[in-house]
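Please open the model in your viewer and keep the selection tool at hand.

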Amino acid sequence: MMVDFDQVALVDVTRHFGRRRAVSHVSFSACRGEIVGLLGPNGAGKSTLIGIAATLVSPSAGEVRFGGRGARSHGPALRGRIGLLAHELHLYPELSARQNLSFFARLYDLDVGEHVDAALRSADLIDRADDDVSGYSRGMRQRLALERTLLHGPRLVLLDEPFTGLDDRAVGIVTERLKRIASDGAIVLLATHDLDLADGLVTRVLLLRAGRLIADETAGAGLRGRYRALIGGG
Amino acid sequence: MFLKVALLILRKDVAIEAKSREILYTTLFFAVSCILVFSFAFVKEGRAVEDAAAGILWIAIAFAGTLALGRTFERERFGETLKALLLAPAARPAIYLGKLLGVVLLLCLAELLLVPLVALLFSAALFVRPALLAGLLLAGTVGFCAVGTLFAAMLVRARTRDVLLPILLYPITVPVMIAGVRGTAALLASPPDEQVATMWLGLLVSFDVVFVTLALWTFEPLMTE
């Protein structure tokens, strides 16, 4: 069964890991076409929020709603509309780029020939498609991981530091790619502490500190100044 | 879709192992070393201690299995690929089944070498009732791996996973080990006691049904952080 949604909403979400509170009473929503930046220093709770939105981490309190549905109501079908690129790249280094993408395409019940070749072209890896991923540079792996994340055309795209290891040209390509998928109707949630990269990309900014949401505002010029005022440093 | 995903994961694990051969070689090396050491201790003047062959075969399988389980999930931990599998639009128990099939296949391949080696070093008549022996080995391997795959997946994020896996695994799989050893010992008796071996095989199959059912039932809640 195909599940789709126009909005993802976190409602009063709290998450404890033992006695440590990683996220505390966070509420926000994001709609189709938005690129929402989760900004904050290390330990602010960005990755935990990404995990919760991905349904991989259960909130200790509160809930995530996907267009009015709870995460549990449509388990596998709902997960099929989510794409996640986390710190680690979710790739098998012993396999080639083509084998990695083919495996995930089959896992998502996609047409392998059509989707894999398109993803390889988009990652600019068509010439190295049959090389083992273990021989790739960090930037090549990152590009491949992004294409793996977007392979099934997810409605909700969750990215945790997606620019790690990319050179300026690759950053430009990825930025344009994210803008394009957002304009095609995806909801993009992007966790980063790189304010310069976030500045021209995100349409909305959520500032986090010590697990709490301290600002939710439309993106605009002077992001670094606002960040410094609210968080400090930056 | 459930079986398709399980087979897909099995195929992926086989493809990785075919390239690296890392787990097969390390488990075989470990298990063969184990059997060789025991053969020096329990075989005197060409005669082995009674029932030693059955016990040592199953000890080698258990040790090799523990090593294989740990390494299989280490691969999924390395690139956090387990998260990618958990996020796929498939029933999560299918992931468990795919990983289980992969470990069982690997151990069955190891047993193809271990059984003749034990038969040779301990002068054990392991091939008198080959079908019954194969049944005991397969049922015992499935039972051991059913529990081991669940625990290895659960412990994948734990820093002390290498220590915790055998601590959790061995006490729970004691019934499987006892059934495997007694069933194999019954086959090694002269003449082979088919009735007793069949009884232990039936018990092993019962363990398998219970362990696999419980693991499929608990895999999803246990894997959600």
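**The largest pocket**

In this predicted model, begin with the largest pocket, which holds about 590 Å³ of space. Select K46(A), S47(A), T48(A), H87(A) and D160(A), which are the closest to the pocket's centre among the 26 residues that line it. Then colour helix 1 of chain A (46–53) and strand 2 of chain A (20–31), each of which supplies at least two residues of this lining; helix 1 of chain A gives the most, with five residues. Taken by class, the lining of the largest pocket consists of nine nonpolar, nine polar and eight charged residues.

**The contact between the chains**

Next, show both chains and select the contact, to which chain A brings 30 residues and chain B brings 29. About 2,600 Å² of area is buried between chain B and chain A, with carbon and sulfur atoms giving 65% of this area. Four salt bridges are found across the interface; for one salt bridge, select R75(B) and E94(A), whose closest N and O atoms are 3.8 Å apart.

**Helix 3 of chain A**

Now select residues 97–107 of chain A, which form helix 3, a mostly covered helix with eight of its 11 residues buried. The buried residues include N100(A), L101(A), F103(A), F104(A) and L107(A). What do the buried residues of helix 3 of chain A pack against? Their partners are helix 4 (112–122) and helix 5 (138–150) of chain A, together with helix 1 (2–20) and helix 4 (81–86) of chain B. Finish at D109(A), which follows helix 3 of chain A and has a positive phi, near 60 degrees.

Note on methods
Residues numbered from 1 in each chain as written. Chains lettered and ligands numbered in written order. Predicted model: local features only at pLDDT ≥ 70, side-chain atom pairs only at ≥ 80, totals over all residues. Heavy atoms only, no water. Buried < 20%, exposed > 50% of the residue type's maximum accessible area, 1.4 Å probe, protein only. Helix = DSSP H or I, 4+ residues; strand = E, 2+ residues; numbered from the N terminus. Contact = heavy atoms within 4.5 Å. 1 Å grid on protein atoms, 1.4 Å probe; cavity = no way out; pocket = protein on both sides within 12 Å on 5 of 7 lines; lining within 4 Å. Points joined across faces, edges and corners; volume = space filled by probe spheres on them. Nonpolar A, V, L, I, M, F, W, Y, C, P; charged D, E, K, R; others polar. Buried area = accessible area lost by both parts, 1.4 Å probe. Salt bridge = Lys/Arg side-chain N within 4 Å of Asp/Glu carboxyl O.
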